[in-house]
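Take a look at the model below. We will go from the whole chain down to single side chains.

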Amino acid sequence: MKKEVNFLETLKETIDGLKEGRGLLCSVDEKGRPNAMAIGWGNIGIVWGRPVFIVFVRPSRYTYSLIEKTGDFTVNIAEDNYKEIVNYFGRVSGRCVDKFKESGLNLIESKNVKSPIIKECFINFECRVVAKIDISPDFIDEIIKKEAYSSGNYHRVYFGEILKIYKGY
């Protein structure tokens, strides 16, 4: 049973999950069709006096257009036994494939945003976009630029106010 928890109860597990490649960023299209992508980059903290989840999405990703339209997203942290499924979500585009149908993961309707949460993930965040900025090559360290942006496909950074956090199954 998913239980609503406070911000501080999930910090370490969330950061560990991102670091270990167990994060899924979920959104929906205008018809309500869900999509998710694997994420390993993100941050969670307090910005503007609010709990915020910060995620990075390249404009080339299908998820980018969905978040732009809905103005919300969910972040879902899976356990180790779902790593292969998370990797699948990172390899395949939701433009062409219904990743949820193919993977067998199930969705739960969110209470505060259009984007659903993923049932099998043990931590879920409902987030509303409160700000977004584009990363400029002029302001990135040269080493990071070479490592992360050799193709020039710079991220948009979304600041999602955390509206609800759930833990459990």
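Is Tyr154 buried or exposed? Tyr154 counts as buried, at 17% relative accessibility. Buried means under 20% relative accessible area, exposed over 50%, and partly exposed in between, with a 1.4 Å probe and protein chains only.

First, the ground rules. This is a predicted model, in which local features need pLDDT of at least 70 and side-chain atom pairs count only at pLDDT 80 or more, while totals for chains, interfaces and linings use all residues. Residues are numbered from 1 along each chain as its sequence is written, and side-chain values use heavy atoms, leaving out hydrogens and water.

Now the overall fold. The chain has five helices and ten strands. These are DSSP runs numbered from the N terminus: helices are H or I with at least four residues, strands are E with at least two. The radius of gyration is 15 Å, close to the 15 Å from the globule rule for 169 residues, so the chain is as compact as a globular protein of that length. That radius is taken over C-alpha atoms, and the rule is 2.2 Å times the number of residues to the power 0.38. Buried residues make up 47% of the 169. Contact means heavy atoms within 4.5 Å. Of the contacts with a separation of 6 or more, 73% join residues 24 or more positions apart.

Next, helix α2, residues 62-70. Its buried residues are Tyr62, Thr63, Tyr64, Leu66, Ile67 and Thr70. They pack against several strands, including β2 (23-28), β3 (34-39) and β5 (50-57). Gly71 follows α2 with a positive phi, near 70 degrees.

Strand β2 contains Val28. Val28 counts as buried, at 5% relative accessibility. Beyond residues up to four places away in sequence, Val28 touches Arg33, Pro34, Leu66, Thr70, Lys114, Ser115 and Pro116. Val28 and Thr70 are 42 residues apart along the chain, yet their C-alpha atoms are separated by 7.3 Å.

Finally, the aromatic rings. The structure holds seven aromatic pairs. Rings of Phe, Tyr and Trp (its six-membered ring) pair if their centres lie within 6.5 Å; planes under 30 degrees apart count as stacked, over 60 as edge-to-face and the rest as tilted. Why is the pair of Tyr149 and Tyr154 stacked? Their ring centres are 4.5 Å apart and their planes lie at 15 degrees, so the pair is stacked. Tyr149 is buried too, with a relative accessible area of 5%. Elsewhere, ring pairs link Tyr88, Phe89 and Phe100 into a cluster.
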